[in-house]
Amino acid sequence: MFYHLFVDLADRWAMLNVFRYITFRTLGAAITAFWMGVLLGPWMIERLRVLKAGQSIRDDGPETHLQKAGTPTMGGVLILAAIFVPTLLWARLDTDYVWIVLGVTAVYGALGFADDYLKVKHKNSKGVPGKVKLLVQTAGALAAGAYLYYSEFGTDLAVPFFKDFDPDLGIVFIPFVILVIVGASNAVNLTDGLDGLAIGPVITTTATYTLFAYIAGNAVYSEYLLVPSIPGVGELCVVCAAAVGAGLAFLWFNSYPAEVFMGDVGSLALGGLIGTVAVLTKQEILLALVGGIFVVETLSVMIQVFWFKRTGERVFKMAPLHHHYELLGWPEPKVIVRFWIISIILALAGVSTLKLR
């Protein structure tokens, strides 16, 4: 909005030229999102308490979690508000990529809201049936994938470490997009099990993809680093920066001991946002490295289920993986911070691959 309001006035007032620069608008979005989240947080937490939107805790998990019962959930509404409003203020709204990301995020956020609402209403951990949830997620990702496929976006796949290997997926591009977006959404959802555990890697991942979006949207840098050049995708810097600012604001209240949980409205939506940005920047494969915490958490569940069905024994004391370490005796804050540290290292490793081609 600011871009469209002020850029035409830049010829008259030179100081308004700053709104032309994506770097300025990216920082503006991050700062706006942070302060919006911090200032609205106490009010929203109080409203959730009044509405008795308390978290239901599984009785088969670590005993230390039982004391968290009743902590306000659905805090993801705050995160989404602090992403959408700054994005609409600071991004160029004539860019399709911005609307694709916001669209997927909104669909997944609505699904998560419905899931959280049912859990709160019935006072248990069951929400939207799994098959329905997967169907809605697939539909949202399908819409994004089909739109890109029938546009001039391109269906080639960028492969890290190989500068001349970019296979064209053709029609397979659509199911690939679905896999990436749905997989990322569910992976973040599985990781959201401890105070601040999921939002930490979300911040590092979206910060990394802010850089990826900037490079992909800049013809000079993309040519130098041998990554796909995608005109217009640089505007996703604003979306990702807003997610970083919103994540930091939410962490202000979600850090141990948490005053509020993000709920599925936050985790499903944030995962959808990350997966969609990965597709649009053509850095889908690197998401497995940058978002490695999400991948490992998901794999731990898959391994646990597979091995238990096959042998009747468990590989981990409990899945997802963070519960395994809790049951080994690690204090919750130690599990959280160590996962954050690993997430930062993985993000740095992902950035380093830009020069290894």
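When neighbours within four places in sequence are set aside, Lys133 is in contact (heavy atoms within 4.5 Å) with Leu111, Asp115, Val128, Asp264 and Leu268. The model is a predicted one, in which local features need pLDDT of at least 70 and side-chain atom pairs count only at pLDDT 80 or more, whereas totals for chains, interfaces and linings use all residues. Residues are numbered from 1 along each chain as its sequence is written, and side-chain values use heavy atoms, with hydrogens and water left out.

Lys133 is found in helix H5 (residues 130–149), helices being DSSP runs of H or I with at least four residues, numbered from the N terminus. Because its relative accessibility is 15%, Lys133 counts as buried (under 20% relative accessible area, with a 1.4 Å probe and protein chains only).

Helix H3 (residues 76–90) has 15 residues, which at 1.5 Å a residue should span 21 Å, and its end C-alpha atoms are 21 Å apart, in agreement with that value; the expected span is 1.5 Å times one less than the number of residues. The buried residues of H3 are Gly76, Leu78, Ile79, Leu80, Ala82, Ile83, Pro86, Thr87 and Trp90, and they pack against helices H1 (2–6), H2, H4 (96–122), H7 (199–217), H9 (236–254) and H10 (263–280). Of these partners, H4 has 27 residues and reaches 39 Å from its first C-alpha to its last, close to the 39 Å expected. Just after H4, Lys123 takes a positive phi of about 55°.

Trp90, in helix H3, counts as buried because its relative accessibility is 10%. Beyond its neighbours within four places in sequence, Trp90 is in contact with Met1, Phe2, Phe19, Phe24, Arg25, Gly28, Ala29, Thr32 and Val238. A polar atom of the Trp90 side chain lies 3.4 Å from the backbone oxygen of Gly28. Trp90 and Tyr3, although 87 residues apart in sequence, are 6.6 Å apart in space, C-alpha to C-alpha.

The structure also holds two cavities of 30 Å³ or more, a cavity being a set of points, on a 1 Å grid over the protein atoms alone, where a 1.4 Å probe fits but cannot get out. The second largest cavity has a volume of about 30 Å³, taken as the space filled by probe spheres set on the points. Its lining residues (an atom within 4 Å of a point) are Gly41, Met44, Ile45, Gly75, Leu78, Phe250 and Val260. Helix H2 (residues 22–50) supplies the largest share of this lining, three residues.

Definitions and conventions:
1 Å grid on protein atoms, 1.4 Å probe; cavity = no way out; pocket = protein on both sides within 12 Å on 5 of 7 lines; lining within 4 Å. Helix = DSSP H or I, 4+ residues; strand = E, 2+ residues; numbered from the N terminus. Buried < 20%, exposed > 50% of the residue type's maximum accessible area, 1.4 Å probe, protein only. Polar contact = N/O pair within 3.5 Å; in protein donor to acceptor, adjacent residues only side chain to side chain.
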